Amino acid sequence: MRELLARPGQELYDHLMQVGDRAAGFAAAFDAVSFALLAGQLHDLGKAESEFQKRIHTDDREGLKEPHAHHGAALALSQTPPIWPVALAINGHHAGLHNRGDVDAKRGRYLQPALNCLSRLSEGSSELPLVFPSALPKWLAALPFDSRRMSEGWLAVDLFTRFLFSALIDADRLDSEECERGRDASLACRRWPEFKPEELLGTLRTVLDRRSESARTELTASEVVQDVRNEVGRLCLEAASSPRGVQTLTVPTGGGKTLASVLFALAHAAHHGRTDPGARPFRRIILVIPYLNIIQQTAQELRTIFGDEWILEHHSQAEERDRDSLKKELDDDQADALTIRRRLAAENWDAPIIVTTSAQFFGSLFSRRPSAARKLHNICQSVVIFDEVQTLPPLLLQPLLNVLGELASSSRPYGCSLVFCTATQPALNISDDLPCGLKDVKPIVPPAVAVDHFVKLSRVDYCWPEDAERLTWDDLAAQVVSLRPDQTLVIVNTRQSARHLHAAVERALGGSRDGLFHLSTWMTPAHRLEVLDEVRRRLAFANVKHGRERCILVSTQCIEAGVDVDFPHVWREFAPYDAIVQAAGRCNRNGLLPILSDDPKRGQVRVFRGAQAKLPDGLYRAAVSQTELLRRMHLGDPTDPRSFEKYFRLLYQLSVPDECLVQRERAQLRFAQVDDRFKFIDDESFSALVLRQKIDDRSQETPAFEILRRAQGRKFFIREDWRLFQPYIVNLPWHARARSPYKESLSPTFDTDQGMFLWTGGYSGGLSGTGITFEGLSPEEGIV
């Protein structure tokens, strides 16, 4: 009898055992070793079918294409009681998690074939050492399960299944990758160093001490700002000994919260590593950030401090499969070699420090797709930092907070600590206004101290518009160019408005773009960093004290949270309360205006309404209405952090639904419906790779051109390609592929199933560039 193969060159028995062992190792992080071991040993059981073996031995010339993922699932469901998490994970390990009802419908048909496959395996090699665990882990079985599927147990099963699924997917892909690597050296994994919090903490403390001393001697920040930053750092170190759970870090803009949160995370991980020798140690830090520009800034900062080998920056949507090509992924038997290699390229977050987007983090937690879920098991035993947490979408707070509560609960095995960072802290703890809120939320900075910090770091004056006051772009541009000093940031709500205002300012400057800059997500990440570096150079104290260079930056809201720039003037189009206050954080950020000039002594923040801008319907309009209400009630005091809690309570009363369809589908274990309903970003997007740009009327290639050329010679993309592509990608709305003015400037890559396009239209690069250009009018859009 011919040997049973999983793929050419690998015996099926060896593959099942290796995947089982590896999956069990991953699942040890959430106490699911026996479940993952069984899932790994059974996941490809159907490959012992004679038709599949014909295909393997004849290079697909003989044999029928039949599914093989149902066999192991049927065996798991044949137990009494059925082991549903294992069955669901096995059944979905190629085509994605299926609904419980769909999996249940196949168990009768595939049980006998599964038993036959076990018999063939035992004839051809050693018998699989199968051990069937209980239906659920003890901690999970002890939770309440009601017949209406409304109790917490059902939702906990959903999350546990996703983590088990993740462990199986990563184990299977890594085993396949090792087999492929023997034939193709380019598939070699990137090896990350072991997470060493004590060592990293020492490095960070040294850097922070050096920067603090430098700030005082070189006057890059006022003494008041430095005192607050130092006190926040001290409080983070003191709070590091707290138990695992949920913490808030409320720090006024410019107070150094991002590095302070990393300081807490490393000290927290180091403390528990020292004092809890019997407990599972923390394995990594994950920074979850809403905006790409903050990710780039944060990742660059962390690389400077720790070195590139510690940091994984993961935000590209390029690896997400095209919707149409996903339909082909019904079963692995229909997958070709390129499809298999694409799967191997999905990130699994095995680095010590991860910097990623909110959409990537939460999208993975609610996705049914293997490539998205692969990373989940590596979230366990992590300190997860949520920067600018106020950006969480209110319509999804029920599922978001439920999952976060599970990850941080001491009665669950996931072992996470969560840190919610922002200057505008929302009210996410459980209350009458937010019954789905989190329990036992502890502040790192005591509330009274936070109030004192906000008062000390009050560095700006606000000017609000009259109710009927509206400014045209030309009127606004004229006022901006007349300001002195000639350094102003203007933030508008859409990319289209940014283009119109940028053009109006250029006209007001007599056609000159000297000192005029633009920032939006119609620019690649690398381009935005280039512009921001020049903006920071012009604003830097060392340059400003010898005379200010013109620096007028027109931007969308991509700059207003977490981006380290310091303007004397900030103008902000009318927006929700937290957005206005975040914009003000870019004004007199370091408190140096009293040193630099006689007038103004304080930063000037002007809120305006654009005559040519429309306020979008829906949640954004509701948030603006609550901002107006807060002002009329005289509760909108940006120097008081308690005002943000009042604002968010008002907003959540209006916008958090009483019933959430995502939660209902999760409780029914309907993974397909959850995937469809969970939309962290309203407008789905795809990735366009920019290969050429025009700078000063000269056309030149971007570095992406050479990266693509190498991949084209290989005929498929690997993980490192996606990492290298990220700086040269623009994300565009999904519907744009077939509409003007986008469709005329898009073409597919050589791998048409991959869901990434090439931008073949114009691209205005360089310091005065505005990014992708359109023939005719730019597209209409809502709030970015």
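Modeller: What follows sets computed values against the cut-offs behind the labels.

Colleague: What is the confidence in the model?

Modeller: This is a predicted model. The mean pLDDT of the protein is 88. Of its residues, 90% reach 70 or more. Over residues 317-334 the pLDDT is below 50. That stretch still has 56 contacts in the model beyond near neighbours in sequence. Residues 780-784 also stay under 50, with 16 contacts beyond four places in sequence.

Colleague: How many helices and strands does the protein have?

Modeller: There are 31 helices and 23 strands. The protein has 784 residues, and 60% of them are buried. Take the contacts with a separation of 6 or more: 78% of them are between residues 24 or more positions apart.

Colleague: Why is Glu406 called buried?

Modeller: Its relative accessibility is 6%. Buried means under 20%, so Glu406 counts as buried. Glu406 lies in helix 18, residues 397-408.

Colleague: Which residues does Glu406 contact, leaving aside neighbours within four places in sequence?

Modeller: Ala156, Leu159, Arg412 and Tyr414.

Colleague: What makes the pair of Glu406 and Arg412 a polar contact?

Modeller: The contact joins the two side chains at 3.0 Å. The cut-off for a pair of N or O atoms is 3.5 Å, so the Glu406 and Arg412 distance falls within it.

Colleague: Why does Arg589 count as buried?

Modeller: The relative accessible area of Arg589 is 11%. That is under the 20% limit, so Arg589 is buried. Arg589 sits in the loop between helix 24 and helix 25 (593-596). Its side chain makes a polar contact of 3.1 Å with the side chain of Asp564. Beyond four places in sequence, Arg589 touches several residues, including Val225, Thr253, Arg459 and Asp566.

Colleague: How do you know that Leu4 is buried?

Modeller: Leu4 has a relative accessible area of 14%. Under 20% means buried, so the label holds for Leu4. Leu4 is found in the segment before strand 1 (5-7). Residues up to four places away aside, Leu4 touches Glu11, Leu12, Ala48, Gln53, Arg120 and Leu121. Leu4 and Ser50 are 46 residues apart in sequence, and their C-alpha atoms are 9.2 Å apart in space.

Colleague: Why are helix 4 and helix 5 called roughly antiparallel?

Modeller: Helix 4 (residues 70-77) and helix 5 (residues 84-91) pack at an angle of about 175°. Roughly antiparallel means over 145 degrees, so the pair qualifies. Their axes are 8 Å apart. Helix 4 contributes His70, Gly72, Ala73, Ala76 and Leu77 to the contact. Helix 5 contributes Trp84, Val86, Ala87, Ile90 and Asn91. By class, the contact has seven nonpolar, three polar and no charged residues.

Colleague: What makes helix 24 and helix 27 roughly antiparallel?

Modeller: Helix 24 (residues 577-584) and helix 27 (residues 642-655) pack at about 150°. The threshold is over 145 degrees, so helix 24 and helix 27 are roughly antiparallel too. The axes of helix 24 and helix 27 are 10 Å apart. Tyr577, Asp578 and Val581 of helix 24 meet Ser643, Phe644, Tyr647 and Phe648 of helix 27.

Colleague: How do the residues of the contact of helix 24 with helix 27 divide by class?

Modeller: Five are nonpolar, one is polar and one is charged. Asp counts as charged, so Asp578 of helix 24 is the charged one.

Methods
Residues numbered from 1 in each chain as written. Predicted model: local features only at pLDDT ≥ 70, side-chain atom pairs only at ≥ 80, totals over all residues. Heavy atoms only, no water. pLDDT = per-residue confidence, 0-100. Contact = heavy atoms within 4.5 Å. Helix = DSSP H or I, 4+ residues; strand = E, 2+ residues; numbered from the N terminus. Buried < 20%, exposed > 50% of the residue type's maximum accessible area, 1.4 Å probe, protein only. Polar contact = N/O pair within 3.5 Å; in protein donor to acceptor, adjacent residues only side chain to side chain. Axes fitted to C-alpha atoms, helices over the stretch in contact; angles between N-to-C directions. Parallel < 35°, antiparallel > 145°, perpendicular 65-115°, else oblique.
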